[in-house]
Amino acid sequence: MKVFDKIKKNYTQLERRDFLFAYLIVLFPVLQFMIFWFFVNISSIGLAFKDSMGKLTSANFQMVYKGFVDEDMLGINLGASLGRSLILWIVGEGIIFPITLITTYVLTKKIFGHYVFRVIYYIPSLMGAIIWTLLIKEMVSTKGPITQALKAIGVDLPDKAKHSGLLFSEDTAFLTLVIVRSVMGIVGNNAVLTGAFTRVPDELFESAELDGAGFFTQMFKIAIPCIWATICTLLTFALCSIFTCDYNVWLFTDGTGRCETSTIGFQLFNLTYRLSTGNDSTGYGYPAALGVTLTAMTLPIVMVGKRLLERMSENVEV
Amino acid sequence: MTKLKLKNTHVGDKIIYFFFFVLFVGLAILFLFPLLWTLLNSFKTSLEYNTNTLTFPEKWLFRHYLEVFTEFQAVPATGGGEPFRYMEMLFNSLWILVVNVFVNIVSSTLLAYALARFRFPGSKFLYSLVIFANTIPIIGAGPAQYKMAMTLKMINNPMTIWLMWAGGFDFAFIVLYGYFKGVSRSYSESAKIDGATNFTILIKIILPQVVPCIVAIAITQATGVWNNYSISMIYLRNYPNLAYGMYLFKDSYFLVSDPENIYFAAAVISCLPIIVLYACTQNLILNNMTTGGLKG
């Protein structure tokens, strides 16, 4: 009642009407968030500390620990999976993101054929993960054109790769996934970056040109500083997926993570999928404990990364 | 940005642009090759495909495209029950797409509008909460989410599953929030003086101004939803969409002749609408999808 009295005293009738309207329209999204985000995550933490009978236990975390030092109950070493997730993330964000940034900038300069190039680069995203991965799988199979081409140019493939395809040998499977991820990653964030680049006023480039600024000066001194806030936002989102990017390992390996390709993202999806098919031996506790452990590992990285990016944003001068 | 005028460009820059042009052509070939390879093999017989995947078909079998609608069947993952037909999965893809995108956009739009335009008690906290939810990496909530969906009887239930998709605390919010902030307040203030209600202002004045942004987000989300296999794989197994159906079809090869080739034809048909949609709306998407910084 005190709160209502305070609101009545401090705000006009018109303002109170505005508040009521605002509260009404945010009610549904907030309720949805409370149930499907807040409650789900709290319940996930709860599940991590319970056994299948609902009793408090630390056994789930012990299993996660065992998974990191040896193998988990599904026969997967979580430490190696974490390493592979990190490799995919570094390739994606450390190498491919700068390339995406530069190529997107060049495309926004409307070079000859830019419209067609943009549609073509978006094709993998438009075709969807299932179709795309199954096509790539066919192409790197024994009879596929990529395996055939590698054989033709004299690449000495391991026996397993020769007889069953590149995704069936420990020596080539993960490398194939890294290459596929690199090529596909070039189009990532293209839409948001293009939107940001097109908002940079033309006058800035025109006057820079009159002053004799070349391609790299215009890009690094005008375009990138102007969209720095957008870049920081994308990098912050990228940091959140540091250990969880899986790039369809589940689809590439038919849900097995064979030939040392499993990643943490793969393992998390696999555990949820197994639960949904009733084919699990782990229950809810183990995947929940794995999630809590990974969240605890990722949280400081994201917090520090976000703070650093914010500080860099403050220092960027246009 | 204005079109590049090579006439006025330095020689060094001309070389750089030429290098990028060659790079783009190379990338285009790389991206187009799988699509053309699929198209080529969709016209072959199974025997021809298994003999050589790179040659032209002896006879171009256009009937595979018709057979997608008549022969394409996907056996349920459980192994039992009637196989799903292509048209059934196409229908599932369509309703999942429309419902998913609609509820998500409505939720994000309402939340973004309220937080961008009104300073009500708690609005700052709510904004910080959205940023927190988007930037804090909560990992591995999938099993808990599945358990929640089971408890609420949402599994294989089209009448309730949409509740899960109606989250407004997502990337769409961040884009829309920036857009709403940029819409001039003068129109809505004049309308208010003339006696318009908040609802009328939202529907008749604000929304028409943000339609391009909403459409751009909707199309971007539509491509994701159209291709999302996990929706059907985990939550709607009795209502497989095309993405999941394509996955199931790999285990249903025994039901048809020339299965690989029908699969390729189905792949071409499945991705064609979304490629055409993107090609037609590319400028709209690229000019309206952007975001600023994340403070909060």
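**Exercise 1. Work out why helix 8 of chain B and helix 10 of chain B count as roughly antiparallel to each other.**

Let's go step by step. Helices here are DSSP runs of H or I with at least four residues, numbered from the N terminus. Helix 8 covers residues 171-182 of chain B and helix 10 covers residues 198-226 of chain B; their axes come within 10 Å and cross at roughly 170°. Those axes are lines fitted to C-alpha atoms over the stretch in contact, with angles from 0 to 180 degrees between N-to-C directions. Angles over 145 degrees count as roughly antiparallel, so that is the label for this pair.

Before moving on, a note on the model: it is predicted, so local features need pLDDT of at least 70 and side-chain atom pairs count only at pLDDT 80 or more, while totals for chains, interfaces and linings use all residues. Residues are numbered from 1 along each chain as its sequence is written, and chains are lettered from A and ligands numbered from 1 in the order in which they are written.

**Exercise 2. Find which residues make the contact between helix 8 of chain B and helix 10 of chain B.**

Two residues are in contact if their C-beta atoms, placed from the backbone, lie within 7 Å. Helix 8 of chain B supplies Ala172(B), Val175(B), Leu176(B), Tyr179(B) and Phe180(B). From helix 10 of chain B come Val210(B), Cys213(B), Ile217(B) and Gln221(B).

**Exercise 3. Describe the overall dimensions of chain B.**

The C-alpha trace spans about 75 × 65 × 40 Å along its principal axes. Chain B holds 13 helices and 2 strands, strands being DSSP runs of E with at least two residues.

Note on methods: Angles under 35 degrees count as roughly parallel, over 145 as roughly antiparallel, 65 to 115 as roughly perpendicular and the rest as oblique.
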